[in-house]
Amino acid sequence: MDINRIHCENGDKCMNGLHETSAGRISKQPHRMGSLREVKVCLLGDSGVGKSSIVQRFVTDTYHDNISPTIGASFMGKTLQVGNESFKFQIWDTAGQEKYRGLAPMYYRNAGAAIIVYDITNQSTFDLIKVWVRELHQHGPENICIAIAGNKCDLEDLREVTERDGAAYASEINAVFGETSAKTAKNISEIFIEISKNLPPLEFEKYKQGVIQVDSPKKNKRKGCCK
Amino acid sequence: MNSLEKAVTQQIMRERKNSEREEMVNAILPWDKFSQWLHCICVVTFDLELGQALEFIYPSHIKLSDKEKMNICYLSFPDSNSGCMGDTQFNFRIRQTSGKVNHHLLVRRKEYDRNSPVILQSDPAHLFGFVYFRQVKDKSSRRGYFQKSVVLLSRLPYINLFTELVELIAPEFFDKGEELIEAACHDIDQWSNPVPGDTLQLPIMGTVLQVKIPAKGDIKIGALGIARDAVPQPMGSPLTVVPSLHAVETFMCLQPVLPHIQLLWELVLTNEPLVVMGPSPGITCGTVHALINTISPLKYMTDYRPYFTIHDSEFKEYTTRTQGPPPVILGVTNPFFAKTLQHWPHIVRIGESIHAFLDKSKANKPKKPGSLKTLESKPGVYTQYKSFLSKDKTIQKRLAKGIQTRRPYEVQDAMLRRYLLELTQSFMFSLERYVTSLMPLQRNISPWKHPPRLKAFDIEEFLRTVEHSGPQLTSGLKGDWESLYRRFFKSANFQGWFQNREEEINQKLLLLHLEALSEADLLKWCNEREEVEVVDLVLKLRERLNDITERNLPVKPELIQKLHQGTESIIRSLPEDLRGVLEK
């Protein structure tokens, strides 16, 4: 993967005149004609697999060992430039606990992408991603880009799910796949970049104002990002 | 320790204290951000034994007084609740009787209020309640009905934003249960603080609302209503732009009483007791807010209740016949009020269907109050009040034409708001100009004297200025402007407005005086004076420095430092015995 052409800005930095923080404070209208696409992304998966840590690593490039469980969902914004396109990710990091599972449809409603996370050291979290995939196929937005992240890949000694099993399942359902580590930052921004390339096409007739444009042709083929 | 060292130590201590205070203000605790927006969210349900009852409050550490709870319970359900099937939305306003506010929340709120247009300032003594009520058939319930309300409580008058917010939260809650309220509150706890002038993105339950917080001086906000200057959002975008925090649909709500719009404007302007009787809380609250807004950008200073019931804790106080009616605006739906408030001088009656009210001929004359016996009386304005200003036929004709040609509501709305804004501005212009003339001259600001203050408001002197350059020039309306002013001067609206202006101006004068002080050659002045005068100056300087902290004046730190240094160097120039006394 060509890392050099990718500029990953921190959540707190200015970009294209756009100033944003985690809960989005804007000082200027961010739209430079034809270059920015707002994308809603939601993270799903069992509790404790590291969803919040992945988001934290991606947005602020930090990592903490003990973070408290998410309640409902938390929200972060981050702009990512891939080539000459900018993507403004609205990231909804959902709670993994069972009691919040009923809330998930609000977070994947209108989402351009979903990252389903499991923990490679815990087989049961891998089993659960299939439930999420089924739910997204049945109730999620049409054409939603699904990415599967096998997190905690720094803990090789404790591994219960092989990379091959993860990759095989992902390719079976035509999803982006990567083994990630929020702790070491491995494949974190890569998975978002890969998502940006596999987003559902915009429905042009709905975007009369020309605020949003995508130059690159639609890509149907989904592939793993970290082989 | 010599005095310089001491001064430095003192300065350091002071700075440390300040920075500690600042840190306290900046540290974010759980629910701090939430509390900048909402007080809490309540769920009120119908209990077979108790009637309306609070099911739960979130965040759970929020304590409401029994009085507040009782008011919230009654005000969260329609009062005369027969036809309200399905979902209904409305809002109310109650007196706040509970709760101390954290020091640092208070600091934030003061800062917000200072930079905010007066009509959007936070309410220190009241809470607004934004209700989403659902009543549907439910076979599993013994009563056969599901009846429940979600209520957002806030000190901020963001009518539009919170109406929209509760509309997002409540239906999802009915579907998903308590976890939803928990999740929504956590979302709100991530919102940036409302800072006037900022455009914010507010994540809530999987969507993002974009709002602009108006700053002081953004006069058109509210008065001209919905400013769609934001980039139009494509459909399916995950961003929802909320065009205005608080704008109400003035035209839609006041359409049934349009022929009397100027009369109503006068009544609201002069804080006359006014009751709005309507068939549902949704209609009364829309009308009450629209009435309050007719005098925008002027703030309505006395109490108003978009929805008021016979169970309200202020019921006795407001309906008593032992005193005259209070200068408040009430919105009521219970037919009982037709009798209770019979003695009120001005009654606005709004019918069931606002849209059906297109026939203008019947409603042209205000009706005598005696003819209002029951709530079945015809819609209209019941009063014996004669307006001071002559009727503006042009606006009436233009709006009537708009109704005939089915002009879009937004256009009619903008037209009516602009008319009312210009009317209020014409009225206020002479007052503003007169107040400016009460300002002391720049050359009267001397570092050696007390800071000058605004001169007293002289009614007769003001009225003499109106004779030759009054509002008749800008508005073109004929009438008895003088008497209208006289009435206005007796009202809380005037007192509140003048107090506000006076404070603003006196603060500005204080700042100018501080600047003059910091630029003056203090030592040179002292050299030519008696000791007594010098000591007096030192005391005055300390008083000024005290002013800065107590009034939280927006002063540059360099200026404070300069004044401190000036004071210290004067003290150093004094004989030892005096120095000892002053350095204590």
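Which residues do ring pairs link into a cluster? This briefing takes up that question in a predicted model, after a look at the confidence values. The predictor gives the complex an ipTM of 0.76 and a pTM of 0.84.

**Confidence in the model**

- Chain B has a mean pLDDT of 85, and 86% of its residues reach 70 or more.
- In residues 221–236 of chain B, however, the pLDDT is below 50. Beyond near neighbours in sequence, the model gives this stretch 36 contacts.
- Residues 371–375 of chain B also have a pLDDT under 50. For them the model has 17 contacts beyond four places in sequence.
- Where pLDDT is low, the predicted coordinates should not be read in detail.

**Helix H1 of chain A and its lysine**

- Helix H1 of chain A covers residues 51–60. Nine of its 10 residues are buried, and the helix is thus mostly covered.
- The buried residues of this helix are A:Lys51, A:Ser52, A:Ser53, A:Ile54, A:Val55, A:Gln56, A:Arg57, A:Phe58 and A:Val59.
- A:Lys51 is buried but has no salt bridge. The nearest side chain of opposite charge belongs to A:Asp93, at 5.7 Å. A salt bridge would require a side-chain nitrogen of Lys or Arg within 4 Å of a carboxyl oxygen of Asp or Glu.
- Backbone oxygens do approach the side chain of A:Lys51: a polar atom of that side chain lies 3.0 Å from the backbone oxygen of A:Gly45. For the backbone oxygen of A:Asp46, the distance to a polar atom of the A:Lys51 side chain is 2.7 Å.
- Leaving aside neighbours within four places in sequence, the residues in contact with A:Lys51 include A:Leu43, A:Leu44, A:Thr94, A:Ala95, A:Gly96 and A:Val117.
- Just after the helix, A:Asp61 takes a positive phi of about 55°.

**Aromatic pairs**

- Over all chains, the structure holds 48 aromatic pairs.
- The rings of A:Phe58 and A:Phe192 are stacked, because their centres are 3.7 Å apart and their planes lie at 0°. This pair links distant parts of the chain: A:Phe58 belongs to helix H1 of chain A and A:Phe192 to helix H5 (residues 188–197) of chain A, 134 residues apart. Both A:Phe58 and A:Phe192 are buried.
- In chain B, B:Tyr434 and B:Phe462 form an edge-to-face pair, with 5.6 Å from centre to centre and 65° between the planes. B:Tyr434 lies in helix H14 (residues 409–437) and B:Phe462 in helix H15 (residues 459–469), so the pair ties together parts that are 28 residues apart in sequence.
- B:Tyr434 is buried, with a relative accessible area of 4%, and B:Phe462 is buried at 0% relative accessibility.
- The opening question can now be answered: the cluster consists of B:Trp265, B:Phe427, B:Tyr434, B:Phe457, B:Phe462, B:Trp481, B:Tyr485, B:Phe488, B:Phe489, B:Phe494, B:Trp497 and B:Phe498.

**Two further places in chain B**

- Helix H6 of chain B (residues 178–188) is largely enclosed by the rest of the structure, because nine of its 11 residues are buried. Among them are B:Leu180, B:Ile181, B:Glu182 and B:His186.
- B:Asn527 is found in helix H19 (residues 522–527) of chain B. At 68% relative accessibility, B:Asn527 counts as exposed.
- The C-alpha atoms of B:Asn527 and B:Ser573 are separated by 9.1 Å, while the two residues are 46 residues apart along the chain.

How values were computed:
Residues are numbered from 1 along each chain as its sequence is written. Chains are lettered from A and ligands numbered from 1 in the order in which they are written. This is a predicted model: local features need pLDDT of at least 70, side-chain atom pairs count only at pLDDT 80 or more; totals for chains, interfaces and linings use all residues. Side-chain values use heavy atoms; hydrogens and water are left out. Buried means under 20% relative accessible area, exposed over 50%, partly exposed in between (1.4 Å probe, protein chains only). Helices (H or I, at least four residues) and strands (E, at least two) are DSSP runs, numbered from the N terminus. Lys and Arg count as positive and Asp and Glu as negative; His and the chain ends are not counted. A polar contact is a pair of N or O atoms within 3.5 Å; within protein, one must be able to donate a hydrogen and the other to accept it, and residues adjacent in sequence count only if both atoms are side-chain atoms. Contact means heavy atoms within 4.5 Å. pLDDT is the predictor's confidence in each residue, from 0 to 100. Rings of Phe, Tyr and Trp (its six-membered ring) pair if their centres lie within 6.5 Å; planes under 30 degrees apart count as stacked, over 60 as edge-to-face and the rest as tilted.
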